[in-house]
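Dear colleague,

I am handing over the structure below, and I would be grateful if you could look through it alongside the notes that follow.

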Amino acid sequence: MSIIDETKFVERFQFFDGQRLFASDLQGLETFNREMRWLHNRSLHQPGVGSGFAVGGKKGDREVTVGPGYASDVDGREIFLTNTQTLPIPPVAGDKGSPNFFDLAIAYPDDAALEEVETREGICSDRGVTRLSEAPVFCWVELAGDPLTPRKTKLGRDLQMGLMIRLARIAVLNCELYSDVSIAQRQNARVAVTPYIASGTEELGSVMVLNTKTPTSARNPQIITGTVDTRSAEFLTIPEYRAHVAGPRDITLTTQTGSSTQNVDFVIFDQFQITAQNRGNFEFVSLILVLGADLDLSQNDVPGLDEAGNPVTRTRFEEIQRRMLTQWHVIWMGTEG
């Protein structure tokens, strides 16, 4: 059945001077305007958050805050929140040392749940309600399984259909937030027409860890791992990252073994691989190869001289490596589709 089929009839109210109005006349006018507005929302918009409803909560907190906002459900009904609300999180200890997960959802209130804001005395009649306050119904939906899905079938169905709107997801352990509130799962009414793209650059030496334990010779590849912070981009979901190392491909260090002078080249590999992607960072692995000399890194003293003619020790050798790494930069781009 289409949306239009569900609209049985449309009657436009009309008034004239001297007409006696009843409560049903004015109530019918309000109902007509509301139904037309809901029909518009159902026809042209998808259910979700249109504006606001910011959810905040840090690791260790026992409550979350929800800011004012506007949303609509699958029936086109508007869900308003005019004041910031503070909600306690579910008081659960966890699941055998692991956190429990919950989605925070809102729904349109039933008429019976509306708060009476104002009542008035009637003329020759009993006192009646003139104003009702609409406020969203908040619900913590417990999740389970892999992937995470609502434990209760009805709540899962209401979320899927759009009768309930998901605002955020939390993890709870020992009755407190196990991590910051996540809004990656948030249901939005407006779909982005273009992907959100952000980029940045970081000095390689400031974001990487150099593995000096595995190789015993400087001629062996030096494994680089690291994490690049992308929180400044404020991605709402996990983006697709692309990254590479920019800078000179090789940097030379002069060494001397006995009477023989050699140049040692530090070469950065182009095999830059992203190993993990998150909303606020990504992890990577790469290689540096040292060519042109047999420097035994298994010994404390490395035979040879640096570019200033000073004896090269293992510690000094690693310091030189790190100084050279300041000439290389990780350039990245994240695309949130």
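Asp-73 counts as buried, at 3% relative accessibility, where buried means under 20% relative accessible area, exposed over 50%, and partly exposed in between (1.4 Å probe, protein chains only). The side chain of Asp-73 meets that of Arg-77 in a salt bridge, at 2.8 Å from N to O, the term being used for a side-chain nitrogen of Lys or Arg within 4 Å of a carboxyl oxygen of Asp or Glu. Asp-73 and Arg-77 are also linked with Asp-75 in a network of salt bridges.

Please bear in mind that this is a predicted model, in which local features need pLDDT of at least 70 and side-chain atom pairs count only at pLDDT 80 or more, whereas totals for chains, interfaces and linings use all residues. Residues are numbered from 1 along each chain as its sequence is written, and side-chain values use heavy atoms, with hydrogens and water left out.

By the salt-bridge rule the count comes to 10. One of them pairs the side chains of Glu-78 and Arg-37, at 2.5 Å from N to O; because Glu-78 lies in strand E5 (residues 78-81) and Arg-37 in helix H2 (residues 23-44), this pair ties together parts that are 41 residues apart in sequence. Helices (H or I, at least four residues) and strands (E, at least two) are DSSP runs, numbered from the N terminus. Glu-78 is buried, with a relative accessible area of 7%, while Arg-37, at 38%, counts as partly exposed. Another salt bridge joins Asp-229 to Arg-231, with the closest N and O atoms 2.6 Å apart; here Asp-229 is partly exposed at 33% and Arg-231 is exposed at 60%.

A pocket here is an open set of points on a 1 Å grid over the protein atoms alone, where a 1.4 Å probe fits, with protein on both sides within 12 Å along at least five of seven lines, and lining residues have an atom within 4 Å of a point. The second largest pocket is lined by 26 residues, of which Asp-180, Val-181, Ser-182, Ile-183 and Arg-279 lie nearest its centre. Strand E2 (55-56) and strand E12 (164-173) are the elements that give two or more residues to this lining, and the largest share, 3 residues, comes from E12.

With best regards
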